[in-house]
Amino acid sequence: MLRLICGRKKADISLGLQLTEDTLTDALSDKPKAENMKWRSVLLLYQDQLDELKCKLLRSRRGEWDIAEVKDMVLHDCLNKKQDEDVVTFIGHFQRFVNGKTNPGTIGVYKHTLDRIRLFDPDIDNKNFEDIDLKWLTDFEAFCARTATKNARNIHLRNIRAVFNNAIDYEITSAYPFRRFKIRPEATRKRSLTVEELRTLFDYPVEPYAEIYRDMFKLIFMLIGINTVDLHGLTRITDGRIEYKRAKTSRLYSIRVEPEAMEIIEKYQGEKGLLCIADRWSDHRNFRHQLNMALQKIGEVERKGRGGKKIITSAFPGLSSYWARHSWATIARKIGVSLDDIALALGHSDGKHETTLIYIDETEIREAIDKANRRVLDWVLYGKK
């Protein structure tokens, strides 16, 4: 047997060799007996192939490797064994499915699901798709329910379902427990501010350090709820518009920069990017984290004693950058912007629009989005509908 150890995980692979312990010990010694030289040659060949694979893994500079993935590499690259597609393990295909993803965020979400699966089922490496049945899914959801909300564990279940669908597409399995196991979402609470709350926030007398965070929230709203990763990555304005490929969906996006938004952009001009946030934070995630923390600290500040600790009563509990997107959509609908135009403005798509958009002039789509955004800004900033 060949034992692989990867972190705290281990897996055994049969080499298909039958020899006694004494024969094995002699074959691996410096001066083996003549009758054991054939075993020595075989074992040294395996050792050379495994050493080459180890060097390959080290050269990749990847921090962590999944045990199932390494096992597959050993079987294919070193032992020239290919798993029969009828017995491909669930985790083995799960890992290959994840390796086909390119978005780091998506990869991270699937790896988190993989971690939860391993915690739930220590024997998962030896299970096939047929072993992941209705009872397994029900028990897994109950396990996740100990520490995760309904919608959070639904993410794990949808990831598992995606792996099943992919395996069925490649005719690896016909098993599909999701015919009887339904993923039922839980309604999330609204994350939007009223017009009055937005007006209060936009003019709120914040502490000096928080001014940039308040203004960035305001700019996100004026740019139709642009995601922080895309805001951080903006480089220029072209013909009065910002144009970018949205990180989440890879869709091309174009927004007219209204005068009020331009005023904020000019206030926070950057060197590395359009905005100084790219100079101050090299990673958009750090920017988002600091932004959200600061937004939740906007409110009444009270000091206990002379030079004492600050006590903050948040004026907008739970506020985050994503509220700007929800707020824009909610207000747009309330002032009569059509659901179709809101969907276009937010970059949403569905089956019925996907084909239709091919036949509509791009200029017409942009004009509809621009008009909708101007209506929202006029109502929020000036009370004009």
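Predicted model: local features only at pLDDT ≥ 70, side-chain atom pairs only at ≥ 80, totals over all residues.
# Buried sites, helix pairs and nonpolar cores

Reader: Okay, and where is Asp-121 found?

Author: Asp-121 is in the loop between α5 (104–120) and α6 (134–144); helices (H or I, at least four residues) and strands (E, at least two) are DSSP runs, numbered from the N terminus.

Reader: Which residues is Asp-121 in contact with, leaving aside neighbours within four places?

Author: With those neighbours set aside, Asp-121 is in contact with Lys-127 and Trp-136, contact meaning heavy atoms within 4.5 Å.

Reader: What about Phe-129, where is its place?

Author: The loop between α5 and α6 also holds Phe-129, which is buried, with a relative accessible area of 1%. Leaving aside neighbours within four places in sequence, its contacts include Phe-90, His-93, Val-163, Phe-164, Ala-167 and Thr-173. The C-alpha atoms of Phe-129 and Thr-173 are separated by 6.8 Å, although these residues are 44 apart along the chain.

Reader: How do α4 and α7 pack, what angle?

Author: Helix α4 (residues 90–99) packs with helix α7 (residues 150–169) at an angle of about 95°, and their axes are 10 Å apart. That makes α4 roughly perpendicular to α7, since angles of 65 to 115 degrees count as roughly perpendicular, under 35 as roughly parallel, over 145 as roughly antiparallel and the rest as oblique. The axes are lines fitted to C-alpha atoms, for helices over the stretch in contact, and angles run from 0 to 180 degrees between N-to-C directions.

Reader: Which residues make that contact of α4 and α7?

Author: From α4 there are Phe-90, His-93, Phe-94 and Phe-97, and from α7 Ile-160, Ala-162, Val-163, Phe-164, Asn-166 and Ala-167. By class this contact has eight nonpolar, two polar and no charged residues, with Ala, Val, Leu, Ile, Met, Phe, Trp, Tyr, Cys and Pro counted as nonpolar, Asp, Glu, Lys and Arg as charged, and the others, Gly among them, as polar.

Reader: How many residues has the largest nonpolar core?

Author: The largest nonpolar core has 59 residues, and those with the most contacts inside it are Met-216, Phe-217, Phe-221, Leu-231 and Trp-328. A nonpolar core here is a set of buried Ala, Val, Leu, Ile, Met, Phe, Trp, Tyr and Cys residues joined through side-chain atoms within 4.5 Å. The largest share of this core, eight residues, comes from α9. Apart from it lies another core, of 28 residues, among them Ile-91, Tyr-110, Leu-114 and Leu-137.

Reader: And what does Leu-231 touch?

Author: Not counting residues up to four places away in sequence, Leu-231 touches Met-216, Leu-219, Ile-220, Leu-223, Ile-226, Leu-275, Ile-277 and Phe-287.

Reader: Backbone check: what is the phi of Ile-224?

Author: Ile-224 has a positive phi of about 60° although it is not a glycine, and in general most residues other than glycine have a negative phi. Ile-224 sits in the loop between α9 and α10 (228–233) and counts as buried, at 1% relative accessibility. Asp-239 likewise has a positive phi, near 50°, but Asp-239 counts as exposed, at 76% relative accessibility, and lies in the loop between α10 and β3 (241–245).

Reader: Last one, how many helices and strands are there in the protein chain?

Author: The protein chain comes to 17 helices and six strands, and 42% of its 385 residues count as buried.

Key: Residues numbered from 1 in each chain as written. Heavy atoms only, no water. Buried < 20%, exposed > 50% of the residue type's maximum accessible area, 1.4 Å probe, protein only.
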